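Subject: Structure handover, with notes

Hi,

Here's the structure I promised to pass on to you. Open it up and keep it beside you while you read my notes.

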Amino acid sequence: MAEQQQRRNSKKGSRTKEKEVEWQERVVQIRRVTKVVKGGKKLSFRAVVIVGNEKGQVGVGVGKAADVIGAVRKGVADGRKNVVEVPLTKANSIPHPVNGAGGGAQVMMRPAAPGTGVIAGGAVRTVLELAGVRNILAKQLGSSNPLNNARATINALQSLRTFADVAKERGIPIEHLYA
């Protein structure tokens, strides 16, 4: 009886571990911020965290706390709340060229042939890698702020549509899309 109980507990434990391993988090930026209060300056930390499973799901989160570890933990929780689905092609790229904006940042993304890799910089690269995109050309324009660039990338990825989505919206089969 005790053996069955132990086996059941170990299965349950392995299932939760699988869920944890599936998601990856990367800290893009940690900033020390101050707030002026009556007694002087109050220090806290702001962490920008990107969470993804490399299978078409990614999210950007921001957390603020008195210590770095707390800020990162809050950022991860925020990122998991704001997860978006990314349609990927067979070549692990995006279906069509797309532009996105977030704050003062703009991001331009183009699909690429297999073997190209992720040609992108900064927070844009991190978001695309954690989304599971393997072949893409991207350029960040305007702001160099990592949070705004990450949000612009998420904005662009949200606006992606597959051929199946377009055909469904038009109410026609995929074969008649080009007719």
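Let's begin with a term: a salt bridge is a side-chain nitrogen of Lys or Arg within 4 Å of a carboxyl oxygen of Asp or Glu. Side chains of opposite charge can pair when their charged atoms come close.

Before the details, some housekeeping. This is a predicted model, where local features need pLDDT of at least 70, side-chain atom pairs count only at pLDDT 80 or more, and totals for chains, interfaces and linings use all residues. Residues are numbered from 1 along each chain as its sequence is written, and side-chain values use heavy atoms, with hydrogens and water left out.

**The overall layout**

The chain has five helices and eight strands. Helices (H or I, at least four residues) and strands (E, at least two) are DSSP runs, numbered from the N terminus.

Buried means under 20% relative accessible area, exposed means over 50%, and partly exposed is in between (1.4 Å probe, protein chains only). Of the chain's 179 residues, 35% are buried.

**Salt bridges**

How many salt bridges are there? The count is five, and I'll take you through some of them.

Find arginine 80 and glutamate 25, whose side chains form a salt bridge with N and O 3.7 Å apart. This pair connects distant parts of the chain, since arginine 80 sits in helix α2 (residues 68–81) and glutamate 25 in strand β1, 55 residues apart. Both ends are partly exposed: arginine 80 has a relative accessible area of 34%, and glutamate 25 has 43% relative accessibility.

Next, look at glutamate 129 and arginine 26. They make a salt bridge whose closest N and O atoms are 2.9 Å apart. Glutamate 129 is in helix α3 and arginine 26 is in strand β1, so this pair ties together parts that are 103 residues apart in sequence. Arginine 26 is partly exposed, at a relative accessible area of 30%.

Glutamate 129 has another salt bridge, to arginine 125, with 3.2 Å between the closest N and O atoms. Here both partners belong to helix α3, four residues apart, which is about one turn of the helix. Arginine 125 is partly exposed too, with a relative accessible area of 33%. Shared partners join Arg26, Arg125 and Glu129 into one network of salt bridges.

Is α3 mostly covered or mostly open? Mostly covered: seven of its 10 residues are buried, among them Val124, Val127 and Leu128. Just after α3, glycine 132 takes a positive phi of about 100°.

Helix α3 (residues 122–131) packs against helix α4 (residues 146–158) at an angle of about 40°, with the axes 8 Å apart. That makes α3 oblique to α4. Axes are lines fitted to C-alpha atoms, for helices over the stretch in contact, and angles run from 0 to 180 degrees between N-to-C directions. Angles under 35 degrees count as roughly parallel, over 145 as roughly antiparallel, 65 to 115 as roughly perpendicular and the rest as oblique.

While you're at α4, check alanine 156, which is in that helix. Alanine 156 is buried, with a relative accessible area of 0%. Alanine 156 and proline 97 are 59 residues apart in sequence, and their C-alpha atoms are 9.4 Å apart in space.

**Two loop residues to look up**

Glutamate 54 has a phi near 60°, a positive value in a residue other than glycine. You'll find glutamate 54 in the loop between β2 (40–52) and β3 (57–65), and it is partly exposed at 30% relative accessible area.

Asparagine 92 isn't a glycine either, yet its phi is positive, at about 55°. Asparagine 92 is in the loop between β4 (83–85) and β5 (98–102), and it is partly exposed at 32% relative accessibility.

**One more residue**

Lastly, go back to strand β1 (residues 24–37), where isoleucine 30 is found. With 41% relative accessibility, isoleucine 30 is partly exposed.
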